[in-house]
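Visitor: Please guide me through this model by question and answer. I should like the conventions stated along with the values.

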Amino acid sequence: MLVEAPKTKWTDRFLLLDLLTGLRTTWRELWRKKVTVEYPENRLPTSDNFRGMFRFSYERCIACKICAMACPIEIIYIDVGEETREVDGKKKKIKVLNRYDIDVKRCMFCSLCEEACPTKPKSIWLTTGTYELASYDRNELYMNMQQLEYWEGRPEYSTLEEIAAEQGITEAKALPGKGDSK
Amino acid sequence: MTQTMLNLHEMEISFGPQHPSTHGVLRVMVKIDGERIVDAKPIIGYLHRGTEKLFENMNYPQCVPHTDRLDYVASATSNEGFVGAVEKLLGITDQIPRRAKIIRVMLAELQRLSSHLLWLATHAIDLGAMTPFFYTFRERELILDLFEDYCGARLTLNCMRIGGQADDVNAQWLQKLADFLGIFDAALDEYESLLTTNRIWRKRTVGIGVITPEDAIDWGLTGPPLRGSGIEWDIRRAFPYEVYSDLKFEIPVGRNGDTYDRYLCRMEEMRQSKKILEQCVTMIADTKEGDLKAKVSRVIRPAEGEAYFSVECPKGELGYYIIADGKNPNAYRCHVRPPSFVNLSALPDLVKGHLVADMVAVIGTIDIVLGEVDR
Amino acid sequence: MSATLPVVASMFGSIPEPIVNYVIWPTTKFVIAFAVIMGIVAFTTLVERRVLGFMQARLGPNRVGPQGILQFVADPIKLLLKEDIVPAGAQKAAYFIAPMLPIIPAFLAFCLIPFGPPPTFAIADVNVGLLLVLALTSTGVYGIILGGWASNNKFSLLGGLRSAAQMVSYEVPFGLSIVGVLMLTGSLSLVEIVRYQEQSVWNVLPQLIGCFIFLVAMTAEVNRAPFDLPEAESELVAGFHTEYSGMKFAFFFLAEYASMLVNACLIVLLFFGGWTAAIAGHGLTTAAMQSMGWLGMILGFLIFGAKVAFFMILYIWFRGTFPRYRFDQLMDLGWKWMIPLALANIVVTGLVILIAQSGGAS
C-alpha cells in the first residue's frame with residue numbers, strides 16, 4: 001500500500017489553508033477541557049493490579065527463598081535459621097525467618113518475586129498502594145521485614161470524638177481540652 | 001583543493017550527548033562548513049549496560065524484565081522477541097495457547113501505537129512544532145493506562161512470560177480498549193491537521209535524508225526507514241508469528257524514501273495497528289478464558305542448540321539470537337539485533353550535505369532509542 | 001497631565017521650577033512608564049505560557065498566586081537569585097554588554113509609540129516617529145550577535161550568525177511593507193497615520209499584502225516561531241543565549257518580549273487604526289475621544305490595548321501551531337517571496353494612487 005502526500009490545490013496554498021487548518025486545531029484545543037492532573041493535590045487512581053510498593057507478610061512466609069531466586073537483580077536477602085519449638089506438645093525443628101530484606105531502591109518492580117511465591121495468599125506482593133518512594137536518604141530504601149510489613153503506617157487509633165460518640169457522651173465539655181478553648 | 005589544505009572554515013561540533021534532540025545520549029561529532037554538514041560521526045555507548053552479557057548470567061525468565069530496558073518506549077515488543085526466541089529454543093512455539101498469542105499481538109500493537117506516538121511527538125518538537133507533543137502524549141497516556149490495567153506497569157511492562165501470558169484480559173479491559181480505538185482516528189486526524197499539509201512541515205521533511213531502496217537494503221535497514229523507500233518488508237508479513245497470519249492489515253510503503261514519506265508511513269502504520277487491534281478484540285471472544293500458558297517447567301533448561309527469532313518492533317526488525325549449551329538454565333550467548341542500532345548506522349550518509357537543522361530531522365525520522373542502540 | 005503638574009510642583013516646595021520641569025518630572029514619568037511597560041512585558045511571558053498551555057491541552061503555570069497570576073513576579077526573583085555564570089573562554093566585556101544591547105532600544109522604542117489618543121498617551125509625538133522606531137528595533141539584533149560571539153560556544157555562535165542573516169533578510173521586507181502605508185498617508189508620524197485611518201479605512205484593507213508581509217517580517221524580526229532560528233532549542237540547544245544565565249538571560253528574554261510588544265503596537269498603529277474605532281470619520285475618532293476628556297483617553301487606550309493583545313496572542317498562537325523554518329528556507333522566503341511581493345505592492349499602490357489623483361484632477 002503506497003502512502004502519498006495528500007494533494008493540495010494551488011488555490012488552497014494561495015489562501016494559506018494549510019496554515020489555517022493548523023491554527024484552527026490549536027484554537028479549538030484552547031477551549032477544550034484540559035487533561036492536566038495537578039499532582040500533589042490530585043492523583044490518578046492506580047489500577048487494581050498496579051505494581052507499587054511491596055508488602056510482606058511474616059505470618060504467611062514459609063522461608064522457601066524462591067522469591068530471592070526469581071529476582072533478576074538479586075535484591076532480596078533472606079536468612080533462615082532453625083529453631084526447636086514446642087508445637088502441640090512435641091519438640092519440633094522448624095524453619096524460622098531471621099532476615100528478609102529488600103533493597104527497594106534497586107528494585108525494578110517486575111513482580112517476578114510475587115509470581116514465584118508459592119504461598120496462598122502470597123507472602124510477598126506488590127500493592128497498588130504507593131508509587132511515591134522518593135527519599136532523602138538512600139538507606140531508607142533498604143527495608144527489613146518489619147518495614148516491609150508495616151510501611152503503610154501503624155494501625156490508626158480512634159479519635160476522642162469517636163470514643164465519645166461510642167460511649168454516648170454528647171456534651172462537649174466532657175472532652176478534655178475542647179471546653180477550655182471556648 | 002580545500003580538502004587537502006588545512007580547513008580553517010570547517011568547525012567541529014559535538015552534538016550531544018546532552019542535547020535536546022538526540023533522543024537520549026547519542027553523540028554526533030559533526031563537521032560543519034557554515035551550517036552545512038561535511039561529516040557526521042555518531043558516537044554511541046553512553047547508555048551501555050552490558051545487557052547481552054547480563055543475559056548470560058541469569059536464567060531465562062529473569063532476562064525478560066531486562067529486555068524492557070532495551071527499547072524502553074516499546075517494551076512489549078522487546079519482551080515478545082525474547083520470549084519468542086526462548087520458546088523457539090524450547091520448541092514450544094506451537095503450544096502457546098491462542099488466547100495468549102492474541103493478547104501478545106494486542107500488547108505489541110498497542111506498544112506500536114505508543115511508540116509511534118512518542119516518535120511523532122519528538123520528531124515534531126525537533127522540527128519546532130511543539131504542540132503535537134502534548135496531543136500525542138494525551139493519547140499515549142490512555143495506552144499506558146491500558147497497560148497498567150493489564151499488567152500493572154506503565155512503561156517497562158514485563159508483560160510476557162516464556163510459554164504464555166501471566167495475566168488475562170477481561171471484558172472491562174476490552175471495553176476500555178474499544179473505547180480508546182473509538183477516539184483514536186479523530187486524534188490522528190488532529191495531529192495530521194497540524195503537520196501533514198502544513199507547508200513548513202513539508203519544507204522541512206520533503207527531500208531530506210533520502211534513502212534509495214538499494215541503499216536501504218545494503219545498509220540492512222528495517223522498519224519504516226526501509227518501507228519509506230518503497231520496499232514492502234514487514235516481519236509480521238514475511239515471517240508471521242503469533243496470530244499475524246490470521247489478521248488483515250496492509251503494509252504502508254513510501255515512494256521517495258525521504259523524511260516525509262517515513263512520516264506518512266508511520267502515520268498509516270498507526271491506522272493499520274488500530275485495525276489489527278479491532279480484529280483482535282473480536283478474535284479473542286472465541287478463545288477460552290484463562291487458557292494462557294503452555295506447560296513449561298519451572299527451571300527452563302533448553303536442549304543444546306540455537307535459535308533466532310525476530311519480531312517487527314515499532315522501529316524495525318528486533319531479533320534475539322540465543323545459544324543454549326544444554327547444561328545451564330541460562331543462555332550461553334544471547335545477541336540482540338536492535339533495529340535502532342542498524343538504522344542509526346545510516347545517519348552519516350543521510351546527513352552529509354544537509355544543514356544542521358536537517359540532521360535533527362533525520363535523527364528524528366529514523367527513530368532511535370539509545371537503550372537499544374547501546375544495549 | 002499638565003493639570004497635575006502644579007500639584008506635584010507644590011510637593012517639591014522650594015525646588016526651582018526648571019529643575020522640576022526638566023529633571024524631576026521627566027524622571028518620574030520615565031520611571032512610571034518603565035515600570036508599567038516592564039510589568040506588561042513580564043506579564044506577557046505569563047500570558048504566553050498560560051495560553052500556550054491551554055492550546056496544548058494543559059494548564060500552564062498556575063501555582064504562584066491565584067491562577068498563577070504572580071508567576072511573572074516569581075520568575076524575575078528566581079532569575080535575580082540565580083548564579084551568574086561566565087564561561088571561562090568568554091570575551092568578558094562583550095559578554096557583559098551583549099544583554100544590555102537589545103533591551104535598551106526595545107524599551108526606548110516605547111517612548112515613540114502613542115498608546116492612546118494624543119496628547120496624554122503620546123509621550124513623544126516625533127514627526128519621523130515611525131522611522132525612529134524602525135531604527136531602534138533593528139539595533140536590537142547586535143546584542144544577539146555579540147552575545148552569540150562573546151560566549152565562546154559554537155552553538156551560540158551559530159545562533160548569532162543565524163540572527164545576523166535573519167535580520168539582514170527581514171529588515172528589507174519589514175521596511176518595504178510599510179512604504180505602501182506611507183504613500184497612502186503621506187506622513188511618518190504615527191499619530192498622523194492613525195488620524196489618516198480614522199478618516200478613511202484601516203490600512204489593512206487597501207494594504208492587505210503589505211500587512212501580511214509586515215506580519216511575517218515582524219515575527220521574523222523578533223525571532224519568534226516559526227522563525228525562532230537563533231534560539232532553535234532542538235538544533236542549537238538555546239542558540240545565542242546558551243551560555244547566559246540569571247538576569248543576563250532575563251534581559252534577552254525581556255528584550256524579546258518588549259520588541260514583540262513594540263511590533264504589535266506598530267502593526268496596530270499602521271494597519272489597524274491604532275486607538276480609534278472609526279471608519280471614514282464616523283465612530284470613535286481621536287477628536288471624539290479628546291472631546292470626552294479623560295474617559296475618552298482611557299477608552300482609546302483600552303481599544304488600543306485590546307488590538308495589541310490580539311497580536312500578542314497571535315504570536316503565541318503561531319508558536320503553538322507551526323513547525324520551525326530551516327535557515328536557508330527562511331532566507332528563500334525573505335528574498336524570493338517577501339521582497340518581490342513588497343516591491344510589487346509598492347508599485348501597485350503607487351499606480352493606484354497615481355490613477356486616483358489624476359482621476360481626481362481631471
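Visitor: Which residue takes a positive phi just after α5(B)?
Guide: This is a predicted model, in which local features need pLDDT of at least 70, side-chain atom pairs count only at pLDDT 80 or more, and totals for chains, interfaces and linings use all residues. Residues are numbered from 1 along each chain as its sequence is written, while chains are lettered from A and ligands numbered from 1 in the order in which they are written. Helices (H or I, at least four residues) and strands (E, at least two) are DSSP runs, numbered from the N terminus. Just after α5(B), a positive phi of about 100 degrees is taken by B:G152.

Visitor: How many Å apart are the end C-alpha atoms of α5(B)?
Guide: The expected span of a helix is 1.5 Å times one less than its number of residues. For the 21 residues of α5(B) this should give 30 Å, which agrees with the distance between its end C-alpha atoms, 30 Å.

Visitor: Which elements of chain B each supply at least two residues of the side that touches chain A?
Guide: Two residues are in contact if their C-beta atoms, placed from the backbone, lie within 7 Å. By this criterion 31 residues of chain B are in contact with 26 residues of chain A. The elements of chain B that each supply at least two residues of its side are α2 (60-68), α5 (131-151), α6 (171-195) and α11 (259-283).

Visitor: How do the residues of the side of chain B that touches chain A divide?
Guide: Ala, Val, Leu, Ile, Met, Phe, Trp, Tyr, Cys and Pro count as nonpolar, Asp, Glu, Lys and Arg as charged, and the others, Gly among them, as polar. On the side of chain B that touches chain A, the division is 12 nonpolar, 11 polar and 8 charged.

Visitor: Which element gives the most to the side of domain 1 of chain C that touches domain 2 of chain C?
Guide: An automatic or database domain assignment supplies the domain bounds, and chain C is divided into domain 1 (1-81) and domain 2 (87-361). In their contact, 16 residues of domain 1 of chain C meet 17 residues of domain 2 of chain C. α2 (17-55) and α3 (71-81) of chain C give two or more residues to the domain 1 side. The most, 11 residues, comes from α2(C).

Visitor: What is the radius of gyration of chain C?
Guide: Chain C has 15 helices and 2 strands. The radius of gyration is taken over C-alpha atoms, and the globule rule is 2.2 Å times the number of residues to the power 0.38. For 362 residues the rule gives 21 Å, so chain C is as compact as a globular protein of that length, its radius of gyration being 22 Å.
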